[in-house]
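Here's a quick briefing to read with the model open beside you. Start with the picture, then work through the topics below.

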Amino acid sequence: MPTNPFVSLFGRSPIGPMQQHMAKAHECAAQLVPFFQAVIAEDWERVEQLQKDMARMENEADKLKKDVRQHLPKSLFLPVPRSDLLDLLSVQDKIPNRAKDIAGLMLGRQMRIPQPLQAPMLAYVSRCVEASAQALKALKELDSLLETGFGGREVALVEKMVEELEEIERDTDRMQISIRRELYALEKELPPVDVMFMYKIIEWIGDVADRAERVGNRLEQLLAR
Amino acid sequence: MSLVADYGLVLLVLACAFGFFMAWGVGANDVANAMGTSVGSKALTIRQAILIAMLFEFCGAYFAGGEVTETIKNGILDATQIPPDLFILGMMSSLLAAGSWLMIASVKGWPVSTTHSIVGAVIGFGAVGVSVDAVHWGAIGPIVASWVVTPFMSGVIAFGLFLSVQALIMNSDNPFLRAKRYVPMYMFLTGFMVSIMTFSKGLKHVGIDLTTAQSTLLSTGVGLVVALIGVALLSRIRMDDDADKSFHYASVEKVFAILMIFTACSMAFAHGANDVANAVGPLAAVVGAIEAGGDMLIGAKSAVPGWVLLLGAVGIVVGLATYGWKVIATIGKGITELTPSRGFAAELATASTVVTASALGLPVSTTHTLVGAVLGIGLARGIGALNLSVIGKIFTSWVVTLPVGALLSILYFTLLRILFL
């Protein structure tokens with residue numbers, strides 16, 4: 001049966017798939033917490049398993065991203081600018097990418113976290129994952145935003161959520177500084193190459209929160225009239 | 001006059017058959033777009049949609065279908081300029097032409113309008129088959145203009161309705177309570193709009209003639225009754241906290257789903273009022289000519305007989321029952337992005353526009369008007385994604401349908417002439 005012209009007027013809304021992508025992106029980033037627990041416990045079997053899981057999730061997120069892009073032809077009329085939506089999507093996609101980088105590098109080098117750094121490091125990772133969770137929470141409002149025609153009360157609600165997200169990100173910045181300071185105090189006793197990579201990992205963990213914050217900012221940009 | 005005398009009954013039966021077939025086609029295919037919106041947004045089940053469509057398409061066709069039928073019957077062609085036998089054959093070829101073109105188009109999935117087909121066909125046989133002077137060219141202008149104006153107008157109304165819903169309900173602190181308070185107002189509007197247009201123009205052939213004051217008063221009454229029924233139905237809607245957790249507006253949408261029952265009725269009514277004419281307009285013309293014994297002056301003056309409208313109304317209902325429900329189900333599955341708060345705005349805007357056009361005797365396309373309304377909501381940032389390429393397709397089919405309808409009708413006209421004359 002040929003498609004009815006009235007039905008073909010309705011394109012596939014990108015909102016739902018965008019939310020699914022962000023959910024997958026966060027799912028991947030959230031694995032960082034058990035991953036670090038396993039690293040601290042030096043349970044390398046579990047570390048490897050978690051790294052594999054994260055790589056798989058990152059891959060799934062990639063597929064979702066491609067799917068959204070493919071269904072956003074230029075002829076589609078959207079309530080928000082198409083380019084803003086695609087920007088948001090690519091920023092979302094950077095979260096699992098970074099999480100996967102962290103897991104890959106740590107597994108590859110079998111990196112051990114020096115004992116005094118373990119507790120602050122775990123707190124730092126958890127906080128960064130919270131940033132990603134907050135980004136997901138804000139993104140889950142997209143369907144409510146559509147319901148209110150991207151205006152009014154919902155916009156205020158999302159703006160508040162993004163503010164909270166920014167607060168979390170600032171928090172992670174402070175934690176990053178203090179962890180670096182602690183590492184600096186220890187670095188003379190540790191193998192130099194390990195230390196260099198440890199700095200890298202600290203920076204990358206911060207990136208997760210950073211990128212989550214950027215998701216929030218893009219979302220705000222989307223709402224700006 | 002030999003044709004009418006010799007074959008009068010045969011022609012009458014044939015014309016009835018063609019007209020009924022067209023009405024069947026309208027019921028089978030055309031109604032689906034009007035009702036699919038309600039099914040897609042899950043405001044109605046398919047069974048409910050069919051029942052509403054049957055009842056209100058019938059009422060619309062019978063009570064408010066007279067004006068547009070009159071236009072197709074006498075408004076496009078100057079019957080006094082055409083010999084009665086040619087007029088009868090021409091109207092029959094128009095029915096055949098529009099019917100076959102619509103069949104081809106629906107198989108191919110082209111967005112072709114019944115209205116455009118029949119108007120093209122009638123103009124075609126009149127201008128080419130008889131003489132260019134036989135066409136009321138002055139009347140064609142407003143009709144064609146209305147095809148541009150109605151989608152635009154319903155778009156503007158839908159845009160306004162949607163924004164009013166946002167301002168009054170969605171962007172308030174308690175959208176659910178606000179919805180319960182303001183939705184009956186939209187229900188009143190629905191009842192009022194449909195009835196005022198019907199009362200002011202459409203009831204003459206049923207033998208009821210109301211003054212403006214009377215019809216305004218009566219329409220207000222109808223609106224109030226509709227709103228009261230609505231309030232009664234709404235009182236049963238409760239907040240659903242579980243559903244609201246995942247999507248804040250789930251309960252609010254349930255209120256709009258009730259509103260959509262009413263707008264679906266108005267939509268079916270409007271559609272029946274305007275589109276039944278496509279099927280029975282030519283039939284009414286044939287009946288008029290035959291009953292007047294071939295005297296075109298009397299034939300043109302005779303009112304549209306009630307039974308002709310009835311035949312069209314029954315045809316639509318039969319079309320719905322035999323095939324239309326299937327098409328409605330398919331369309332309903334395709335349109336899931338349209339939630340009740342948008343669907344109602346699209347339906348109310350379309351119904352108001354089409355009912356107004358019907359009262360003015362303008363044959364318009366319900367589907368195109370509905371597309372206009374949906375675009376209006378899209379412009380108000382209310383819909384996730386719209387395929388603008390469809391607009392281009394509609395426009396193309398629009399431009400193609402008139403000449404194709406005309407050509408086919410000329411073809412059938414020539415054939416029938418060889419057969420009967």
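Let's begin at one spot: Thr263(B) touches Thr190(B), Phe344(B), Glu347(B), Leu348(B) and Ala351(B), if you skip residues up to four places away in sequence. Touching, or being in contact, here means that the C-beta atoms of two residues, placed from the backbone, lie within 7 Å. This is a predicted model, where local features need pLDDT of at least 70, side-chain atom pairs count only at pLDDT 80 or more, and totals for chains, interfaces and linings use all residues. Residues are numbered from 1 along each chain as its sequence is written, while chains are lettered from A and ligands numbered from 1 in the order in which they are written.

**How confident is the prediction?**

- The whole model comes with an ipTM of 0.85 and a pTM of 0.89.
- Chain B has a mean pLDDT of 87, with 95% of its residues at 70 or more; pLDDT is the predictor's confidence in each residue, on a scale from 0 to 100.

- Thr263(B) counts as buried because it has 29 C-beta neighbours inside 10 Å. The cut-offs go like this: a residue is buried if 20 or more other C-beta atoms lie within 10 Å of its own, exposed if 12 or fewer do, and partly exposed in between, with C-beta atoms placed from the backbone.
- Between the C-alpha atoms of Thr263(B) and Gly126(B) there are 38 Å, and the two are 137 residues apart along the chain.
- Thr115(B) belongs to helix α5 (residues 114-130) of chain B.
- Is Thr115(B) buried or exposed? Thr115(B) has 28 other C-beta atoms within 10 Å, so it is buried.
- Leave out the neighbours within four places in sequence, and Thr115(B) is in contact with Asn278(B), Pro363(B), Val364(B) and Ser365(B).
- Thr115(B) and Met260(B) are 145 residues apart along the chain, and their C-alpha atoms are separated by 26 Å.

**A helix with a kink**

- Helix α6 of chain B covers residues 137-170, which makes 34 residues.
- From first C-alpha to last, α6(B) reaches 48 Å, close to the 50 Å expected at 1.5 Å a residue; that expected span is 1.5 Å times one less than the number of residues.
- Where does α6(B) kink? There is a kink of about 30° at Trp147(B), shortly before the proline Pro151(B). The bend at a residue is the angle between axes fitted to the seven residues ending there and the seven starting there.

**Chain A as a whole**

- Chain A has nine helices and one strand, and along the sequence they follow the pattern α-α-α-α-β-α-α-α-α-α.
- The C-alpha trace of chain A spans about 70 × 40 × 20 Å along its principal axes.
- Of its 225 residues, 46% count as buried.
- Take the contacts in chain A with a separation of 6 or more: 87% of them are between residues 24 or more positions apart.

**Loop residues in chain A**

- Gln110(A) has a phi near 45°, a positive value in a residue other than glycine.
- You'll find Gln110(A) in the loop between α5 (82-108) and α6 (115-139) of chain A. Gln110(A) is exposed, since 11 other C-beta atoms lie within 10 Å.
- Arg112(A) also lies in the loop between α5 and α6 of chain A, and with 14 other C-beta atoms within 10 Å it is partly exposed.
- Phe150(A) isn't a glycine either, yet its phi is positive, at about 55°.
- The loop between α7 and α8 (153-186) of chain A holds Phe150(A), which is buried, with 21 other C-beta atoms within 10 Å.

**Where the chains meet**

- Here 30 residues of chain A are in contact with 36 residues of chain B.
- β1(A) and strand β1 (residues 386-387) of chain B pair in the antiparallel sense over two bridges; strands pair if DSSP finds at least two bridges between them.
- Phe77(A) stands opposite Leu386(B) in β1(B).

Key
Helices (H or I, at least four residues) and strands (E, at least two) are DSSP runs, numbered from the N terminus.
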